[in-house]
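Hello,

Here is the structure for you to look over. My notes on it follow below.

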Amino acid sequence: MSESKEEKVYVKLVSAEGHEFFLDKEIAMASSTTIRTMLEGQFREAQDNIIRFPDIAGYILERVVRYLHYKAQYSNSTARIPEFLVEPEIALELLIAAKYLDC
């Protein structure tokens, strides 16, 4: 492995039930103001790269992580961007989580 290549750093996001999701730190920092603030400040999260969300259910946090990847993938795209589908059953909870995370 070449020394010039940097290793990717991941952030662990933990849901209310304890489900763990790993997200590339660059994507997390670029996509969510709340996560970026936690990782840049003098918070424990900045040292551990672990962020706990006791009020966000696992299935919602999973969709948030999917959306953050989607946003990173298509943010500078000039091609037609596919629709990010959200099931009506989870739309309200997802909206609340997105508002909290500012993403």
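Tyr70 counts as buried, because its relative accessibility is 17% (buried is under 20% relative accessible area, exposed over 50%, partly exposed in between, with a 1.4 Å probe and protein chains only). Phe84 counts as partly exposed, at 22%.

This is a predicted model: local features need pLDDT of at least 70, side-chain atom pairs count only at pLDDT 80 or more, and totals for chains, interfaces and linings use all residues. Residues are numbered from 1 along each chain as its sequence is written, and side-chain values use heavy atoms, with hydrogens and water left out.

The whole structure holds 5 aromatic pairs (rings of Phe, Tyr and Trp, the last by its six-membered ring, with centres within 6.5 Å; planes under 30 degrees apart are stacked, over 60 edge-to-face, the rest tilted). Tyr70 and Phe84 form a tilted one, 5.1 Å centre to centre with 50 degrees between the planes. Tyr70 lies in helix 4 (residues 58-74) and Phe84 in the loop between helix 4 and helix 5 (91-101), so the pair ties together parts 14 residues apart in sequence. Helices are DSSP runs of H or I, at least four residues, numbered from the N terminus. Tyr67, Tyr70, Tyr74 and Phe84 form one aromatic cluster.

Now the largest pocket (an open set of points on a 1 Å grid, with protein on both sides within 12 Å along at least five of seven lines; lining residues have an atom within 4 Å of a point). Its lining includes Arg52, Asp55 and Tyr100. Helix 5 gives the most to this lining, with 4 residues.

Best wishes

Notes: Helix = DSSP H or I, 4+ residues; strand = E, 2+ residues; numbered from the N terminus. 1 Å grid on protein atoms, 1.4 Å probe; cavity = no way out; pocket = protein on both sides within 12 Å on 5 of 7 lines; lining within 4 Å.
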